[in-house]
Amino acid sequence: MKLNIRLCLGCIAVAGAVSAGSFLGAQQQSSAVPQSNAFYDSSRETVLQGKVISYTAESTVPPIGAHVSIQTVYGPVDVHVGSAKLLEQKGFTVATGDSLRITGEVISFGQSSTFAARIIENGTQSVTVRNTKGQVLEMPAVRMPRGAR
Amino acid sequence: MKRLLFVLALFAVAWTSSCGGGSSTVVTPPPTGGFNNGSLTGTYVFSMTGSTFDTAVQTVDSFSRVGIFSADGKGGISTTAGVEDVHQFGADNIFSITGGSYVVNADGRGTLSLITSGGTVQYSIALVSSTTGYMVDMISGDLETASGSFVLQTATTLSTGTYVFDFAGIDPASGNPLSIIGDFIPDGAGSFSSGSFEDINNGGTIFTKASIAGGSYVADSNNPGTGRGTAVIGNSNYVYYVIDSQHVELMDRDPDAVVGGTNLGEAAAQQAGTPTETSSFASSSFVFVTAGTGLQQLTPLARAGRLTASGANLSAILLDNNNAGLEIAVPSSGVLNAGTVTLDGDGSGRGTFTFTDTVSNTGTYTFVFYLSSASQGVIQDVSTVMVNGAPVPVDVADGTLLAQTGAPFASSALATAYAFNWSGVSTAEEDFVGAFKTAGTNPNGLVDYNEFGAGKQFLNTPFNGVITIGGDGTGSTGQHSSFAAALTGSPAVTINYFAYIANPSTILVMGTGSNRVIVGVLNAQTQ
């Protein structure tokens, strides 16, 4: 319960930050817009528990990557679980109805927020999808083709 | 022998069927055009970067490959003239290319197989012309994917003079995403002259216009006539392959200390007439695309824009962002008409673009560029966001800057056929190579693509599209130019792009979908 309360407090904090400005919408702004929740801070981590409603490897909801929707005591929560490729290669499977335990935190992204998973546990399975800086593991950069002329 | 040929033929049919989209209702249009095996004749410098699976440690790393192959114009690859450097799994390795084969279809698309002392790699290719084209690594299974290009080699000695360069990838020392742009000046005696500079974004730590005078470069005496050499530029060790008197490919060969990966790039000789004063800009319009990694979560990020420089002032500014699927247009409607451009005026070609979104108040955007000519350069995003009162770079990204000539554009100005290469990230890296006929504004063509997974290499996939031309692309004289490609087959894939038209021969594209970040280039084919 204590952890879930922390999650709610985190949500409130993020909501405040998001209403003030987005990550991309705050380039070199001179005003002191709160941006702390735009970047991952492991000291804010909490644990989210719930049953899987759906899993999408190629979500149309940003941020890019795999998302899982889980039913919590507070209602459905969309969780960004990082690289679908990583989950696939680690043999980590998620099915509707599975009970997940997810360590992470709510971060603002654009005008909305998402629960950014760092560690996902499904029964005896466990996979780390972010490092402690909140950086998604094994998510490649996009590269501009060049060379032809 | 006949039995073997029969089995191979069956395999080829099965391969074509299984990889051509997977649906029996898909009709592959016959390739048309004037290309053939003779279009690929001579020695070509090739380079590529992509993703690879390190089975030893069960992780996905980036890797790069640069080298030369020699095509005989008849479908054969020389057994003696090729060599490549592959930076993979922590180190740079050099392999001899001991043979191979290729097929060039009438539309310029085809396949290329390179046999090396490290293994055989199958590529899909698309020729822009007989001197250049694009290639995608099509190794089947879960092993790797990559996008790259090849260019006819016409010189093997690094020329003197100023070169403008752009290296992008992973810093071998730190494992951070890395972008380096700058200029170096080979002095003809194995060193780089004063006036050589680089701007670095190493995982968000920015170094501005650091001198890289000194260093060294030397041709590889063990591989004479290949154009291969090694260089020390700044604090990094590179292998290079000379393409011609104006271009050279370079790849960092330092061992990986943290994660697999390296940085790869190209340098282009600076041309006479490269602007040194902003007074040279007279309603000079530019388009650009930068691509790399957003630093918020280390997810893919791309930006594409256009602007007009008149003296030191910018106008008609439009910037599109795709940050891990989150799209933001700057401004949210219309264009910005205030900004500044600077040029250092020291012969480096270095300058900056800076503009503030006064419409949607999304902040200030800053880019560093180095011009290699009045119409071409490289560009690096150095925009920042305030975090706890301090500016923090938004991303590590760089790309191509091109002058826009011939605007406003009309569909009638488009070329009849284009070759293209797109590279992006969805569930994993994905790379596309192909060609299409413009057919007015409803292009159709064929594409090969690799989505980095078992059974995810697709060959000869037909696609139809729509090109929408919006004047000069500002939204003021016309709507956003766009390009939509609907790939048939299974799975059906539609990729929507904003199109930034530099000229009718070169169109930069950036994907607009929320489920992928993808960028690319369309080049008019000449036969």
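In the hairpin formed by strand 19 of chain B and strand 20 of chain B, which has two residues between the strands, Gly311(B) takes a positive phi near 60°; strands here are DSSP runs of E of at least two residues, helices are runs of H or I of at least four, and both are numbered from the N terminus. The model is a predicted one, in which local features need pLDDT of at least 70 and side-chain atom pairs count only at pLDDT 80 or more, whereas totals for chains, interfaces and linings use all residues. Residues are numbered from 1 along each chain as its sequence is written, and chains are lettered from A in the order in which they are written.

Strand 19 (residues 299–310) and strand 20 of chain B run antiparallel and are joined by nine bridges, two strands being taken as paired if DSSP finds at least two bridges between them. Within this pairing, Asn313(B) of strand 20 is the bridge partner of Ser310(B). Strand 20 of chain B is also joined to strand 21 (residues 326–330) of chain B, antiparallel, by five bridges, with Asn323(B) opposite Leu326(B). In the hairpin of strands 20 and 21 of chain B, which likewise has two residues between the strands, Ala324(B) takes a positive phi near 55°. Because nine of the eleven residues of strand 20 (residues 313–323) of chain B are buried, this strand is largely enclosed by the rest of the structure; a residue is buried if 20 or more other C-beta atoms, placed from the backbone, lie within 10 Å of its own.

The largest nonpolar core holds 176 residues, of which Met135(B), Val289(B) and Val509(B) touch the most other members; such a core is a set of buried Ala, Val, Leu, Ile, Met, Phe, Trp, Tyr and Cys residues joined through C-beta atoms within 7 Å. Strand 34 (residues 493–503) of chain B gives the most to this core, with eight residues.

Between the chains, 42 residues of chain A are in contact with 67 residues of chain B, contact requiring C-beta atoms, placed from the backbone, within 7 Å. To the side of chain A that touches chain B, helix 2 (residues 84–89) of chain A gives the most, with three residues. That side divides into 23 nonpolar, 13 polar and six charged residues, where Ala, Val, Leu, Ile, Met, Phe, Trp, Tyr, Cys and Pro count as nonpolar, Asp, Glu, Lys and Arg as charged, and the others, Gly among them, as polar.

Notes: Two residues are in contact if their C-beta atoms, placed from the backbone, lie within 7 Å. A residue is buried if 20 or more other C-beta atoms lie within 10 Å of its own, exposed if 12 or fewer, and partly exposed in between; C-beta atoms are placed from the backbone.
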